Amino acid sequence: MSERINLLAPEVRANPYPLYARLRQHAPVSQVDPGGIWAVSRYEDVMYVLKHPQLFSSEGFRQAYRPAWISNYPLADSALVMDPPRHTRLRGLINRAFGTSVLTRIEPRVREIAATIAANLPEGQEVDFVEAFSVPMPMGVLGELLGLAPEVHPLLVRWAQHLAQFTSIGPADTARQEAMRATVNEARGHFERVLAERRRHPGDDLMSDLVQARMDGESLSDTELLGFMFLLLIGGLETTLHLMSHVALRLHLQPELMTLLREQPALVPRFIEEALRHEPPAQGVMRLTSEETELGGVRLPRGVRMLLLMGSATRDEAYCADPDRFDPHRTAPQNLPFGHGIHFCLGSQLARLEARLSLEALLARFTRLSAGTQPIQWNSSLIVRGPTRLPLVAHVD
(Lines give C-alpha, C1' and ligand atoms only; values in the text may rest on other atoms or scores of the structure.)
Protein backbone atom coordinates (compact mmCIF):
# COMPACT_ATOMS: atom_id res chain seq x y z
CA MET A 1 0.00 0.00 0.00
CA SER A 2 1.74 3.15 -1.21
CA GLU A 3 -0.68 5.85 -0.04
CA ARG A 4 -1.12 6.64 3.65
CA ILE A 5 -4.74 6.07 4.54
CA ASN A 6 -6.84 8.21 6.86
CA LEU A 7 -8.81 6.20 9.39
CA LEU A 8 -11.12 9.16 10.06
CA ALA A 9 -12.23 9.54 6.43
CA PRO A 10 -16.06 9.39 6.36
CA GLU A 11 -16.12 6.43 3.98
CA VAL A 12 -13.78 4.52 6.30
CA ARG A 13 -15.87 5.24 9.38
CA ALA A 14 -19.00 4.09 7.50
CA ASN A 15 -17.35 0.73 6.68
CA PRO A 16 -13.74 0.22 7.80
CA TYR A 17 -13.62 -3.54 7.28
CA PRO A 18 -12.46 -3.71 3.61
CA LEU A 19 -9.63 -1.36 4.53
CA TYR A 20 -8.76 -3.44 7.59
CA ALA A 21 -8.52 -6.53 5.35
CA ARG A 22 -6.12 -4.70 3.00
CA LEU A 23 -3.99 -3.63 5.95
CA ARG A 24 -3.83 -7.17 7.33
CA GLN A 25 -2.74 -8.49 3.95
CA HIS A 26 -0.35 -5.79 2.76
CA ALA A 27 0.67 -3.55 5.68
CA PRO A 28 -0.20 -5.13 9.04
CA VAL A 29 1.93 -2.63 10.99
CA SER A 30 1.92 0.68 9.14
CA GLN A 31 1.65 4.43 9.59
CA VAL A 32 -1.77 5.97 9.01
CA ASP A 33 -3.47 9.30 9.43
CA PRO A 34 -4.41 11.20 11.46
CA GLY A 35 -1.01 12.11 12.80
CA GLY A 36 1.09 9.25 11.46
CA ILE A 37 0.05 6.85 14.20
CA TRP A 38 1.10 3.22 13.68
CA ALA A 39 -1.91 0.96 13.05
CA VAL A 40 -1.70 -2.71 14.08
CA SER A 41 -4.27 -4.80 12.23
CA ARG A 42 -3.48 -8.50 12.65
CA TYR A 43 -4.83 -10.54 15.55
CA GLU A 44 -1.44 -12.07 16.36
CA ASP A 45 0.26 -8.66 16.59
CA VAL A 46 -2.59 -7.08 18.56
CA MET A 47 -2.45 -9.90 21.10
CA TYR A 48 1.33 -9.61 21.37
CA VAL A 49 1.01 -5.93 22.25
CA LEU A 50 -1.75 -6.55 24.80
CA LYS A 51 0.25 -9.34 26.46
CA HIS A 52 3.43 -7.26 26.82
CA PRO A 53 2.59 -4.05 28.70
CA GLN A 54 6.26 -3.64 29.63
CA LEU A 55 7.06 -3.08 25.92
CA PHE A 56 3.86 -1.33 24.89
CA SER A 57 2.85 1.17 27.52
CA SER A 58 -0.55 2.56 28.40
CA GLU A 59 0.91 5.09 30.81
CA GLY A 60 3.24 6.39 28.15
CA PHE A 61 0.21 7.33 26.09
CA ARG A 62 -1.07 9.68 28.78
CA GLN A 63 0.32 12.55 26.72
CA ALA A 64 -2.39 11.91 24.12
CA TYR A 65 -4.95 13.04 26.70
CA ARG A 66 -2.87 16.05 27.71
CA PRO A 67 -2.40 17.99 24.48
CA ALA A 68 -1.31 21.60 24.70
CA TRP A 69 -4.88 22.88 24.40
CA ILE A 70 -6.27 21.15 27.51
CA SER A 71 -4.70 20.50 30.90
CA ASN A 72 -7.49 19.13 33.09
CA TYR A 73 -8.88 16.14 31.18
CA PRO A 74 -9.46 13.48 33.90
CA LEU A 75 -9.06 10.56 31.49
CA ALA A 76 -5.32 11.37 31.59
CA ASP A 77 -5.39 10.24 35.23
CA SER A 78 -7.51 7.11 34.76
CA ALA A 79 -6.64 3.41 34.77
CA LEU A 80 -6.87 3.53 30.96
CA VAL A 81 -3.43 5.17 30.81
CA MET A 82 -1.66 3.38 33.65
CA ASP A 83 0.86 0.53 33.77
CA PRO A 84 1.66 -1.72 36.74
CA PRO A 85 2.13 -1.20 39.63
CA ARG A 86 -0.06 1.94 39.63
CA HIS A 87 -2.65 0.24 37.45
CA THR A 88 -2.70 -2.85 39.71
CA ARG A 89 -3.47 -0.78 42.80
CA LEU A 90 -6.15 1.32 41.11
CA ARG A 91 -7.90 -1.64 39.46
CA GLY A 92 -7.89 -3.50 42.76
CA LEU A 93 -9.62 -0.62 44.51
CA ILE A 94 -12.18 -0.20 41.73
CA ASN A 95 -12.87 -3.95 41.75
CA ARG A 96 -13.83 -3.67 45.42
CA ALA A 97 -16.76 -1.48 44.43
CA PHE A 98 -17.43 -2.66 40.87
CA GLY A 99 -17.71 -6.40 41.40
CA THR A 100 -20.36 -9.02 40.64
CA SER A 101 -22.64 -7.65 43.38
CA VAL A 102 -23.26 -4.65 41.11
CA LEU A 103 -24.90 -6.91 38.51
CA THR A 104 -27.12 -8.55 41.10
CA ARG A 105 -28.17 -5.17 42.47
CA ILE A 106 -28.87 -3.56 39.11
CA GLU A 107 -30.43 -6.43 37.09
CA PRO A 108 -34.08 -5.86 38.13
CA ARG A 109 -33.77 -2.19 37.18
CA VAL A 110 -32.12 -3.09 33.84
CA ARG A 111 -35.06 -5.35 33.06
CA GLU A 112 -37.52 -2.54 33.87
CA ILE A 113 -35.65 -0.07 31.66
CA ALA A 114 -35.58 -2.58 28.77
CA ALA A 115 -39.34 -3.15 28.99
CA THR A 116 -40.02 0.59 29.04
CA ILE A 117 -37.79 1.22 26.02
CA ALA A 118 -39.52 -1.49 23.97
CA ALA A 119 -42.97 -0.26 25.02
CA ASN A 120 -42.12 3.30 23.96
CA LEU A 121 -40.94 2.34 20.47
CA PRO A 122 -43.69 3.23 17.96
CA GLU A 123 -45.04 0.53 15.68
CA GLY A 124 -44.76 1.14 11.93
CA GLN A 125 -43.23 4.59 12.34
CA GLU A 126 -39.71 5.70 11.44
CA VAL A 127 -37.63 6.47 14.50
CA ASP A 128 -33.95 7.10 15.21
CA PHE A 129 -33.00 3.89 17.02
CA VAL A 130 -29.90 5.53 18.49
CA GLU A 131 -32.06 8.01 20.37
CA ALA A 132 -35.06 5.77 21.03
CA PHE A 133 -33.41 2.37 21.64
CA SER A 134 -29.65 2.58 22.13
CA VAL A 135 -29.24 5.63 24.37
CA PRO A 136 -31.91 5.13 27.08
CA MET A 137 -30.54 1.83 28.40
CA PRO A 138 -26.89 2.74 29.22
CA MET A 139 -28.02 6.24 30.19
CA GLY A 140 -30.53 4.88 32.70
CA VAL A 141 -28.22 2.16 34.02
CA LEU A 142 -25.23 4.46 34.50
CA GLY A 143 -27.41 7.11 36.13
CA GLU A 144 -28.87 4.44 38.43
CA LEU A 145 -25.45 3.00 39.28
CA LEU A 146 -24.09 6.42 40.19
CA GLY A 147 -27.21 7.43 42.11
CA LEU A 148 -27.78 10.53 39.97
CA ALA A 149 -31.08 12.36 39.65
CA PRO A 150 -33.05 11.46 36.46
CA GLU A 151 -32.73 15.00 35.10
CA VAL A 152 -28.94 14.52 35.02
CA HIS A 153 -29.08 11.34 32.92
CA PRO A 154 -29.33 13.10 29.52
CA LEU A 155 -26.25 15.13 30.44
CA LEU A 156 -24.28 11.88 30.80
CA VAL A 157 -25.11 10.99 27.19
CA ARG A 158 -24.17 14.42 25.85
CA TRP A 159 -20.88 14.38 27.73
CA ALA A 160 -20.03 10.81 26.64
CA GLN A 161 -20.81 11.39 22.97
CA HIS A 162 -18.74 14.56 22.93
CA LEU A 163 -15.81 13.11 24.87
CA ALA A 164 -15.67 10.16 22.45
CA GLN A 165 -14.61 12.65 19.74
CA PHE A 166 -11.50 13.69 21.70
CA THR A 167 -9.06 11.72 19.53
CA SER A 168 -10.39 13.30 16.32
CA ILE A 169 -9.62 16.90 17.36
CA GLY A 170 -6.54 18.28 15.61
CA PRO A 171 -4.12 21.00 16.81
CA ALA A 172 -5.74 23.56 14.49
CA ASP A 173 -9.37 22.78 15.42
CA THR A 174 -9.69 25.72 17.81
CA ALA A 175 -13.49 25.82 17.78
CA ARG A 176 -13.75 22.11 18.62
CA GLN A 177 -11.04 22.48 21.25
CA GLU A 178 -13.03 25.21 22.98
CA ALA A 179 -16.21 23.12 22.86
CA MET A 180 -14.35 20.12 24.33
CA ARG A 181 -12.90 22.22 27.15
CA ALA A 182 -16.41 23.41 27.99
CA THR A 183 -17.71 19.82 28.09
CA VAL A 184 -14.81 18.64 30.26
CA ASN A 185 -15.29 21.52 32.69
CA GLU A 186 -19.05 20.94 32.92
CA ALA A 187 -18.75 17.17 33.51
CA ARG A 188 -15.79 17.56 35.84
CA GLY A 189 -17.55 20.19 37.94
CA HIS A 190 -20.66 18.04 38.29
CA PHE A 191 -18.74 14.92 39.34
CA GLU A 192 -16.63 16.90 41.81
CA ARG A 193 -19.78 18.20 43.50
CA VAL A 194 -21.44 14.78 43.65
CA LEU A 195 -18.31 13.03 44.94
CA ALA A 196 -17.98 15.62 47.70
CA GLU A 197 -21.61 15.03 48.63
CA ARG A 198 -21.08 11.22 48.72
CA ARG A 199 -18.16 11.69 51.11
CA ARG A 200 -20.44 13.60 53.47
CA HIS A 201 -23.52 11.43 52.98
CA PRO A 202 -22.81 7.98 51.44
CA GLY A 203 -25.69 6.19 49.75
CA ASP A 204 -26.43 2.84 48.11
CA ASP A 205 -24.68 3.58 44.81
CA LEU A 206 -21.42 3.02 42.97
CA MET A 207 -20.03 6.49 43.71
CA SER A 208 -20.44 5.94 47.44
CA ASP A 209 -18.86 2.49 47.16
CA LEU A 210 -15.87 3.94 45.30
CA VAL A 211 -15.42 6.74 47.83
CA GLN A 212 -15.39 4.18 50.66
CA ALA A 213 -13.30 1.49 48.91
CA ARG A 214 -10.15 0.50 50.82
CA MET A 215 -7.30 -1.88 50.02
CA ASP A 216 -4.26 -2.28 52.27
CA GLY A 217 -5.31 0.89 54.04
CA GLU A 218 -5.41 2.92 50.82
CA SER A 219 -8.37 4.61 49.17
CA LEU A 220 -8.96 6.28 45.81
CA SER A 221 -7.81 9.89 45.55
CA ASP A 222 -10.08 12.61 44.20
CA THR A 223 -8.02 12.63 40.99
CA GLU A 224 -8.41 8.86 40.58
CA LEU A 225 -12.14 9.02 41.28
CA LEU A 226 -12.62 11.71 38.65
CA GLY A 227 -10.59 9.67 36.17
CA PHE A 228 -12.84 6.66 36.73
CA MET A 229 -15.99 8.78 36.30
CA PHE A 230 -14.77 9.91 32.87
CA LEU A 231 -13.72 6.36 32.00
CA LEU A 232 -17.26 5.21 32.85
CA LEU A 233 -18.70 7.79 30.48
CA ILE A 234 -16.75 6.32 27.57
CA GLY A 235 -16.56 2.65 28.57
CA GLY A 236 -19.89 2.31 30.34
CA LEU A 237 -22.09 4.50 28.19
CA GLU A 238 -20.66 5.31 24.77
CA THR A 239 -19.49 1.80 23.90
CA THR A 240 -22.66 0.15 25.23
CA LEU A 241 -24.98 2.37 23.23
CA HIS A 242 -22.99 1.53 20.10
CA LEU A 243 -23.37 -2.18 20.89
CA MET A 244 -27.13 -1.66 21.11
CA SER A 245 -27.15 0.16 17.76
CA HIS A 246 -25.10 -2.59 16.10
CA VAL A 247 -27.57 -5.16 17.43
CA ALA A 248 -30.55 -3.29 15.96
CA LEU A 249 -28.76 -2.68 12.66
CA ARG A 250 -27.85 -6.36 12.32
CA LEU A 251 -31.50 -7.38 12.88
CA HIS A 252 -32.48 -5.01 10.07
CA LEU A 253 -29.73 -6.17 7.69
CA GLN A 254 -30.53 -9.86 8.28
CA PRO A 255 -34.29 -10.13 9.00
CA GLU A 256 -34.05 -13.90 9.32
CA LEU A 257 -32.05 -13.42 12.51
CA MET A 258 -34.97 -11.76 14.27
CA THR A 259 -37.17 -14.73 13.37
CA LEU A 260 -34.48 -17.15 14.52
CA LEU A 261 -34.04 -15.44 17.89
CA ARG A 262 -37.79 -15.30 18.50
CA GLU A 263 -37.99 -19.04 17.81
CA GLN A 264 -34.81 -19.88 19.73
CA PRO A 265 -34.41 -17.33 22.54
CA ALA A 266 -31.56 -19.38 24.04
CA LEU A 267 -29.42 -18.08 21.16
CA VAL A 268 -29.67 -14.47 22.36
CA PRO A 269 -26.45 -14.50 24.47
CA ARG A 270 -24.51 -16.05 21.58
CA PHE A 271 -25.97 -13.46 19.19
CA ILE A 272 -24.68 -10.71 21.50
CA GLU A 273 -21.19 -12.26 21.47
CA GLU A 274 -21.19 -12.40 17.69
CA ALA A 275 -22.36 -8.78 17.48
CA LEU A 276 -19.43 -7.80 19.70
CA ARG A 277 -17.01 -9.69 17.46
CA HIS A 278 -18.46 -8.64 14.12
CA GLU A 279 -18.90 -4.95 15.04
CA PRO A 280 -16.88 -4.23 18.20
CA PRO A 281 -17.87 -0.83 19.61
CA ALA A 282 -14.31 -0.34 20.90
CA GLN A 283 -12.46 -0.21 17.59
CA GLY A 284 -9.12 1.19 18.71
CA VAL A 285 -6.78 0.75 21.68
CA MET A 286 -3.80 3.06 22.06
CA ARG A 287 -0.30 2.17 23.23
CA LEU A 288 3.21 3.69 23.17
CA THR A 289 6.44 1.74 22.67
CA SER A 290 8.55 1.83 25.84
CA GLU A 291 11.71 0.82 23.96
CA GLU A 292 12.85 -0.01 20.46
CA THR A 293 11.15 -3.22 19.40
CA GLU A 294 9.98 -5.25 16.42
CA LEU A 295 6.35 -6.02 15.61
CA GLY A 296 4.99 -7.72 12.53
CA GLY A 297 8.37 -7.51 10.82
CA VAL A 298 8.59 -3.75 11.36
CA ARG A 299 11.25 -2.13 13.55
CA LEU A 300 9.65 0.47 15.81
CA PRO A 301 11.68 3.03 17.74
CA ARG A 302 11.00 3.98 21.34
CA GLY A 303 8.12 6.43 21.82
CA VAL A 304 6.06 5.38 18.78
CA ARG A 305 2.30 5.92 19.05
CA MET A 306 0.27 2.84 18.19
CA LEU A 307 -3.39 2.12 17.51
CA LEU A 308 -4.50 -1.49 17.93
CA LEU A 309 -7.34 -2.04 15.46
CA MET A 310 -9.60 -4.30 17.49
CA GLY A 311 -12.22 -4.27 14.75
CA SER A 312 -9.61 -5.70 12.40
CA ALA A 313 -8.29 -8.28 14.87
CA THR A 314 -11.76 -9.75 15.43
CA ARG A 315 -12.16 -10.14 11.66
CA ASP A 316 -8.78 -11.77 11.16
CA GLU A 317 -8.92 -15.30 9.71
CA ALA A 318 -6.40 -16.22 12.40
CA TYR A 319 -9.01 -15.28 15.02
CA CYS A 320 -11.98 -17.14 13.56
CA ALA A 321 -13.07 -18.84 10.36
CA ASP A 322 -15.07 -16.94 7.72
CA PRO A 323 -14.80 -13.76 9.83
CA ASP A 324 -16.90 -11.43 7.67
CA ARG A 325 -19.95 -13.68 8.01
CA PHE A 326 -22.27 -12.95 10.94
CA ASP A 327 -22.96 -16.32 12.54
CA PRO A 328 -25.22 -16.39 15.65
CA HIS A 329 -24.23 -20.04 16.19
CA ARG A 330 -20.53 -19.23 16.49
CA THR A 331 -19.17 -20.53 19.78
CA ALA A 332 -15.54 -19.39 19.91
CA PRO A 333 -13.43 -17.44 20.42
CA GLN A 334 -14.83 -14.79 22.72
CA ASN A 335 -13.87 -11.77 24.84
CA LEU A 336 -11.34 -9.97 22.61
CA PRO A 337 -13.79 -7.08 21.96
CA PHE A 338 -13.43 -6.23 25.66
CA GLY A 339 -9.63 -6.24 25.50
CA HIS A 340 -7.15 -8.63 27.03
CA GLY A 341 -4.91 -8.86 30.05
CA ILE A 342 -4.55 -6.17 32.70
CA HIS A 343 -6.85 -3.72 30.88
CA PHE A 344 -9.70 -6.16 30.25
CA CYS A 345 -12.96 -4.22 30.54
CA LEU A 346 -14.38 -4.22 34.07
CA GLY A 347 -17.89 -3.59 32.77
CA SER A 348 -18.02 -6.41 30.22
CA GLN A 349 -20.70 -8.41 32.07
CA LEU A 350 -22.83 -5.33 32.66
CA ALA A 351 -22.70 -4.43 28.94
CA ARG A 352 -23.72 -7.98 28.03
CA LEU A 353 -26.61 -7.83 30.51
CA GLU A 354 -27.90 -4.54 29.12
CA ALA A 355 -27.70 -5.77 25.52
CA ARG A 356 -29.31 -9.12 26.28
CA LEU A 357 -32.29 -7.76 28.21
CA SER A 358 -32.84 -4.99 25.65
CA LEU A 359 -32.81 -7.47 22.78
CA GLU A 360 -35.18 -9.81 24.60
CA ALA A 361 -37.63 -6.95 25.20
CA LEU A 362 -37.40 -5.89 21.54
CA LEU A 363 -38.06 -9.45 20.33
CA ALA A 364 -41.03 -9.81 22.65
CA ARG A 365 -42.79 -6.88 21.01
CA PHE A 366 -41.66 -6.68 17.36
CA THR A 367 -41.19 -9.15 14.51
CA ARG A 368 -38.95 -7.20 12.10
CA LEU A 369 -37.09 -3.93 11.52
CA SER A 370 -37.03 -2.14 8.17
CA ALA A 371 -34.99 0.80 6.88
CA GLY A 372 -36.12 4.38 7.36
CA THR A 373 -36.02 7.05 4.67
CA GLN A 374 -32.98 8.90 6.05
CA PRO A 375 -29.39 7.65 5.70
CA ILE A 376 -27.43 6.13 8.56
CA GLN A 377 -24.82 8.51 10.00
CA TRP A 378 -21.61 7.35 11.69
CA ASN A 379 -19.48 8.92 14.40
CA SER A 380 -15.91 10.16 13.96
CA SER A 381 -13.54 8.54 16.44
CA LEU A 382 -10.45 6.33 16.43
CA ILE A 383 -11.52 4.65 19.66
CA VAL A 384 -15.24 3.82 19.37
CA ARG A 385 -17.44 3.29 16.31
CA GLY A 386 -21.19 3.35 15.88
CA PRO A 387 -24.08 5.15 14.24
CA THR A 388 -24.99 8.61 15.45
CA ARG A 389 -28.30 8.28 13.60
CA LEU A 390 -30.03 4.97 12.80
CA PRO A 391 -33.44 5.46 11.15
CA LEU A 392 -35.47 2.25 11.38
CA VAL A 393 -39.11 1.18 11.45
CA ALA A 394 -40.25 -1.52 13.88
CA HIS A 395 -43.08 -3.82 12.73
CA VAL A 396 -45.54 -6.27 14.23
CA ASP A 397 -46.60 -8.63 11.43
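Predicted model: local features only at pLDDT ≥ 70, side-chain atom pairs only at ≥ 80, totals over all residues.

User: Between which two strands does the loop with P34 lie?
Analyst: Helices (H or I, at least four residues) and strands (E, at least two residues) are DSSP runs, numbered from the N terminus. By that numbering, P34 lies in the loop between β1 and β2.

User: What is omega for the peptide bond joining D33 and P34?
Analyst: Look at the bond between D33 and P34. This bond is cis, with omega at about 5°.

User: Which strands stand at the edges of the sheet?
Analyst: Two strands pair if DSSP finds at least two bridges between them. The open sheet has five strands, mixed pairing and the order β1-β2-β8-β5-β3. An edge strand here has a single partner, so one side is left without a neighbour in the sheet; this holds for β1 (29-32) and β3 (56-57).

User: Which residue of β5 is the bridge partner of F56?
Analyst: β3 pairs with β5 (residues 284-289) over two bridges, in the antiparallel sense. In β5, the bridge partner of F56 is T289.

User: What angle does helix α3 make with β8?
Analyst: Helix α3 (residues 43-51) packs on the sheet and touches β1, β2, β3, β5 and β8. Contact means heavy atoms within 4.5 Å. Axes are lines fitted to C-alpha atoms, for helices over the stretch in contact, and angles between N-to-C directions run from 0 to 180 degrees. Between α3 and β8 the angle is about 125°.

User: How many residues of helix α11 are buried?
Analyst: Buried means under 20% relative accessible area, exposed over 50%, and partly exposed in between (1.4 Å probe, protein chains only). Helix α11 is largely enclosed by the rest of the structure, because its buried residues number 26 of the 32.

User: On which residue is the kink in α11 centred?
Analyst: The bend at a residue is the angle between axes fitted to the seven residues ending there and the seven starting there. In α11 the kink is about 30° and is centred on L232.

User: How far apart in the helix are R200 and E197?
Analyst: Their side chains form a salt bridge at 2.8 Å, N to O. A salt bridge is a side-chain nitrogen of Lys or Arg within 4 Å of a carboxyl oxygen of Asp or Glu. An α-helix has 3.6 residues a turn, so residues three or four places apart point the same way. R200 and E197 are three residues apart in α9 (residues 174-200), so their separation is about one helical turn.

User: Is R200 buried or exposed?
Analyst: Check the relative accessibility. The value for R200 is 53%, so R200 counts as exposed.

User: How many residues apart in sequence are the parts tied together by R352 and E273?
Analyst: R352 and E273 form a salt bridge, with the closest N and O atoms 2.5 Å apart. R352 lies in α15 (residues 348-365) and E273 in α13 (residues 268-278), so the pair ties together parts whose separation in sequence is 79 residues.

User: Are R352 and E273 buried or exposed?
Analyst: Take both ends of the pair. R352 and E273 are each buried.

Methods
Residues numbered from 1 in each chain as written. Heavy atoms only, no water.
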